[in-house]
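Dear colleague,

Here is the structure to be handed over.

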Amino acid sequence: MREIDISSVIELTAKLCMDANYYLNKDIQDAVSACLPKEQSPVGKNVLESMLENAAIAGNERVPICQDTGMAVVFFELGMDVRITGMDTGTPAEGRPSPLEDAINEGVRRGYEEGFLRKSVVRDPVDRRNTGDNTPAVIHYSVVRGNNIKITVAPKGFGSENMSALKMLTPAEGIEGVKKFVVDTVSAAGGNPCPPIIVGVGIGGTMEKCALLSKTALLRPLGSAHSDPFWRGVETELLETINALGIGPAGFGGRTTALGVHIETFATHIAGLPVAVNLGCHVTRHAEGTI
């Protein structure tokens, strides 16, 4: 059993909040660069060049790549052979978060304050009072084999999040219904999610499961293909259809509306066909680290 002090969780989470907001991932940078010679729209080409220039400035000067530094979404993978030490394990008050949740939120708090990142979280969906430190984060836990902790921070801006959608299709609608829903969602979004976008698609499970699948699909490296030949073909077809919509970079028209379509699937009920589409903007920020 390996022991890891809770301070390491706080420090890594804080670092990842800053890194995700400062640096454009290389797979996305390469994908945008590859689209430049193919983009036929002069305005679209200029937008892509500006996006790359903006990313270079942000990384070199360690400033946010986008003014919307997002709501922190944290994926926390805990190895089965890890014991986290240094936590207050006393009986918590009713409704109080766990010590681990407190630690992750402390990391987010430090990252957003030390990194001079915009605080965008309100404590209640209706009263709209800003929490002042970008907490609480949305946290997804999983227990995996091994003696490490892996943390992925994916700050999600709401220009793209607001354009995401979920629909409970009937099984009779089948794959054609799935494809239509994905394309219709992107078409309705237009330039709002700051294209070129990455399209995360979750299919199957239950309502909340397919939504989570669509979110995790955005973490897949661009250029990676689905392991199943059928779904690989659907990804390719959807990408071609979406890029033929003509929305283009920043919505100004062109061939480059999406950089990739990533599909994740799960078993589902005989009476259901849940589908979720989570759109990621042209930076689709995420950073990961292991302790």
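Ala, Val, Leu, Ile, Met, Phe, Trp, Tyr, Cys and Pro count here as nonpolar, Asp, Glu, Lys and Arg as charged, and the others, Gly among them, as polar. Please keep in mind that the model is predicted.

Those classes apply to the cavities. Two cavities of 30 Å³ or more were counted. The largest cavity has a volume of about 110 Å³. Its lining is made up of 14 residues, and those nearest the centre of the cavity are Pro-155, Lys-156, Leu-218, Thr-284 and Arg-285. By class, the lining of the largest cavity has six nonpolar, five polar and three charged residues.

The second largest cavity holds about 30 Å³ of space. Among the residues that line the second largest cavity are Leu-24, Val-32, Ile-65, His-282 and Val-283. Helix H3 (residues 42–61) contributes the most to this lining, with four residues. Here the classes come out as seven nonpolar, two polar and no charged residues.

Next, helix H7. Which residues of helix H7 (residues 207–217) are buried? They are Cys-210, Leu-213, Ser-214, Lys-215 and Ala-217.

The last item is strand E5 (residues 149–153), which is mostly covered, with four of its five residues buried. Strand E5 pairs with E2 and with E10. E2 and E5 run antiparallel and are joined by five bridges; in this pairing, Leu-78 stands opposite Ile-149 of E5. With strand E10 (residues 287–290), E5 again pairs in the antiparallel sense, over four bridges. There the bridge partner of Lys-150 is Thr-290 in E10. As a general point, side chains in a regular strand alternate between the two faces of the sheet.

Regards

Terms used
Residues numbered from 1 in each chain as written. Predicted model: local features only at pLDDT ≥ 70, side-chain atom pairs only at ≥ 80, totals over all residues. Heavy atoms only, no water. Buried < 20%, exposed > 50% of the residue type's maximum accessible area, 1.4 Å probe, protein only. Helix = DSSP H or I, 4+ residues; strand = E, 2+ residues; numbered from the N terminus. Pairing = 2+ DSSP bridges. 1 Å grid on protein atoms, 1.4 Å probe; cavity = no way out; pocket = protein on both sides within 12 Å on 5 of 7 lines; lining within 4 Å. Points joined across faces, edges and corners; volume = space filled by probe spheres on them.
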